[in-house]
Amino acid sequence: MSKLALFTLVMVLQACTIMAESDDPGVLEKAREAYRELKTKVVSAGSTVADLAGMYYEDHVKPVTDPYVQWAKDRASAAWERVKNRVPGYISE
């Protein structure tokens with residue numbers, strides 16, 4: 001996000017410099033519109049990247065990690081059952 005803010009600051013400074021040198025009052029408005037278009041493109045690209053990362057996770061990472069997560073849950077449940085069976089009077093359900 002800081003790179004986007006820095007880029008925006010540079011663009012605004014350039015627009016102000018051009019506006020100060022020019023008598024055309026529409027330069028700042030053109031710069032503002034160019035910034036809006038650029039921001040829309042960046043947000044769109046970021047959304048696309050996030051979607052691709054999500055699909056990659058669902059297709060490649062999750063199928064590999066799910067069995068390990070389930071194994072850990074099963075081991076934890078089995079350990080908890082052993083503890084409950086050994087100390088029945090101290091644990092209220």
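Helices are DSSP runs of H or I that span at least four residues, and they are numbered from the N terminus. In this predicted model, helix 1 covers residues 2-21 and includes Leu 9, while helix 2 covers residues 27-86 and holds both Arg 36 and Glu 33. The secondary structure of the protein amounts to two helices and zero strands, and of its 93 residues, 3% are buried.

**Overall surface**

- The protein exposes about 8,100 Å², and 63% of this area is supplied by carbon and sulfur atoms.

**Nonpolar patch**

- Leu 6, Leu 9, Val 10 and Leu 13 together form a nonpolar patch on the surface, with about 370 Å² of accessible area between them.
- Leu 9, which is a member of that patch and belongs to helix 1, has a relative accessible area of 48% and is therefore classed as partly exposed, since that class lies between 20% and 50%.

**Salt bridges**

- A search of the whole structure finds two salt bridges, one of them between Arg 36 and Glu 33 and another between Glu 81 and Lys 84.
- In the bridge between Arg 36 and Glu 33, the closest N and O atoms are 3.8 Å apart, which falls within the 4 Å cut-off for a salt bridge.
- Arg 36 and Glu 33 both lie in helix 2 and are three residues apart in it, a spacing of about one turn of the helix.
- Glu 81 is partly exposed, its relative accessible area being 39%.

**Largest pocket**

- The largest pocket has a volume of about 180 Å³, and helix 1 and helix 2 each supply at least two residues of its lining.
- The lining is made up of Thr 8, Met 11, Val 12, Gln 14, Ala 15, Leu 28, Ala 31, Arg 32, Ala 34 and Tyr 35.
- By residue class, the lining of the largest pocket divides into seven nonpolar residues, two polar residues and one charged residue.

How values were computed. Residues are numbered from 1 along each chain as its sequence is written. This is a predicted model: local features need pLDDT of at least 70, side-chain atom pairs count only at pLDDT 80 or more; totals for chains, interfaces and linings use all residues. Side-chain values use heavy atoms; hydrogens and water are left out. A salt bridge is a side-chain nitrogen of Lys or Arg within 4 Å of a carboxyl oxygen of Asp or Glu. Buried means under 20% relative accessible area, exposed over 50%, partly exposed in between (1.4 Å probe, protein chains only). Patches are made of residues with over 30% relative accessible area and no salt bridge: like charges are joined within 9 Å, nonpolar side chains (Val, Leu, Ile, Met, Phe, Trp, Tyr) within 5 Å. Accessible areas come from the Shrake-Rupley method with a 1.4 Å probe; for residues, only the protein chains shown count as cover. On a 1 Å grid over the protein atoms alone, a cavity is a set of points where a 1.4 Å probe fits but cannot get out, and a pocket is an open set with protein on both sides within 12 Å along at least five of seven lines; lining residues have an atom within 4 Å of a point. Grid points are joined across faces, edges and corners, and a volume is the space filled by probe spheres set on the points. Ala, Val, Leu, Ile, Met, Phe, Trp, Tyr, Cys and Pro count as nonpolar, Asp, Glu, Lys and Arg as charged, and the others, Gly among them, as polar.
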